[in-house]
Amino acid sequence: DGPLLRVDAGVLNLSYDPGAQQVEMKPSTLRIGDASLSLSGAAGAIGGGRQAQPDWGFEVRAAPAVLGDPASDAGAVALRSGLSRGRFVASEQRLLIEEMRFDLAGGEIKLAGEVETGAKSGARLEGGFSGMKVNQLAAFWPRGLASSGRSWVRDSIRGGHVTEGTITYLSGRHLTPAQAHDRATEVRFVVAMEAENVAFAAVEGMPTITGPRALARFENDTLEVTMPESSMDVGAEQIRLGKGRFIGSGMLGAAPSGQATFSFEGPAKGIGDLLETPAFASALSGERLPFGLRGKVSGDAVVGFPLDKKIAVEDIGYDIKARLSEGVISGVLDGEDIKGASLDIHATSQAIEVKGEVLVKGVLAKVNWQRIKSDDAARQPPARLTATLDGADRQQLGIEFHEALVGDVPVEMTIENPGE
């Protein structure tokens, strides 16, 4: 996206002692994004400057400060202290960062590495972090690097604490030939972490997903998050999620996208309420489960969407396969409930298909229904219930045929607009 670090403004208060070859930085101010840092420190020639090109050592400290925007969803991070020390090897045009440490309220970040500015330029920064809230990482995310990813972390993460994390930044000569060949840009930026008690909403209008543990890896333009188990509260119901995996692609660009795959299990009412939340209602264009549906639903889903707060219906894709068991649909046929429903449901962004078996007044019937995603009502086929009825079944359903008709009779019933 741009430079790794961009300083928006600053006032440096420096004094130089030519005899000692020492530079003192008196309290100075740098403005980097939402943060205003007060820095002080010193740098000087190592060995008294007797070499033709002496090395220079440096140490810079940061005073307590507030990082990030307190008004944002991520809030602000309290910086207790900061330290950066190392030396500049003049003969090699190489800056060695021996230690870079940020002590935060609740966590810390430690880095070390080197930066070359000569003919073979490049940079290497490696380190780790722990203790802070997951969404507070946005306060330290370089604005010039994967800004879309930074925005998604800032706006989507609702909770969670980092137990352990690592950072790697490589560019130029520090990339292996294979890495340099595979990358469109000569930069490799990797953040990997493990977090606990994570909560996030992938898109606006979607209920928050919570889980005890999550693993995340961000590498250049791809974000991958795995959550072995999690849950989603929808009203008074809870939907359990498993095998959760989220992939964010194109995070370096202006239009990143995401894809979530997961299994799910929960009460039919909870699934129905979920489909009526703003995010899903928009994607389904008003389609809904039958009113009064009860039972258990389980299945697998793949959902793709742009990582943006405002999402157009046509930008959402999904492939959901579910099974309804012990299902009850209230008041469908002359006020009677359909019970014992065992239905397989396949929903995509093009159509919804339902197949299975139900009990109508205790009589077994097969269901076949397809709903095409279209505003044209004339294109919508009716739901079909088929059964083979013997005399007892016909009596149970209150169906009267001519007295000469005996034995098994195949019957087909069609229902227009079954979702209403």
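A residue is taken as buried when its relative accessible area is under 20%, as exposed when this area is over 50%, and as partly exposed in between, with a 1.4 Å probe and protein chains only. The structure is a predicted model, in which local features need pLDDT of at least 70 and side-chain atom pairs count only at pLDDT 80 or more, whereas totals for chains, interfaces and linings use all residues. Residues are numbered from 1 along each chain as its sequence is written, and side-chain values use heavy atoms, with hydrogens and water left out.

Aromatic pairs were examined across the whole structure, and the search finds 4 of them; rings of Phe, Tyr and Trp (its six-membered ring) pair if their centres lie within 6.5 Å, and planes under 30 degrees apart count as stacked, over 60 as edge-to-face and the rest as tilted. One of these pairs joins Phe189 and Phe218, whose ring centres are 6.4 Å apart and whose planes stand at 65 degrees, so the arrangement is edge-to-face. Because Phe189 belongs to strand β11 (residues 187–200) and Phe218 to strand β12 (residues 209–219), this pair ties together parts that are 29 residues apart in sequence; strands are DSSP runs of E of at least two residues, and helices runs of H or I of at least four, numbered from the N terminus.

Distant parts of the chain are linked by the pair, with Phe246 in strand β14 (residues 237–249) and Phe305 in strand β16 (residues 293–306), 59 residues apart. Phe246 is buried at a relative accessible area of 5%, and Phe305 is likewise buried, at 8%.

Two polar residues were also considered. Asp55, located in the loop between β3 (35–45) and β4 (56–62), counts as buried because its relative accessibility is 16%. Its side chain forms a polar contact of 3.3 Å with that of Arg87, the term denoting a pair of N or O atoms within 3.5 Å of which, within protein, one must be able to donate a hydrogen and the other to accept it, while residues adjacent in sequence count only if both atoms are side-chain atoms. Beyond four places in sequence, Asp55 touches residues including Gly44, Ile46 and Phe88, contact meaning heavy atoms within 4.5 Å. Ser231, in strand β13 (residues 222–234), is buried with a relative accessible area of 14%, and its contacts beyond four places in sequence include Thr208, Thr210, Gln238 and Arg240.
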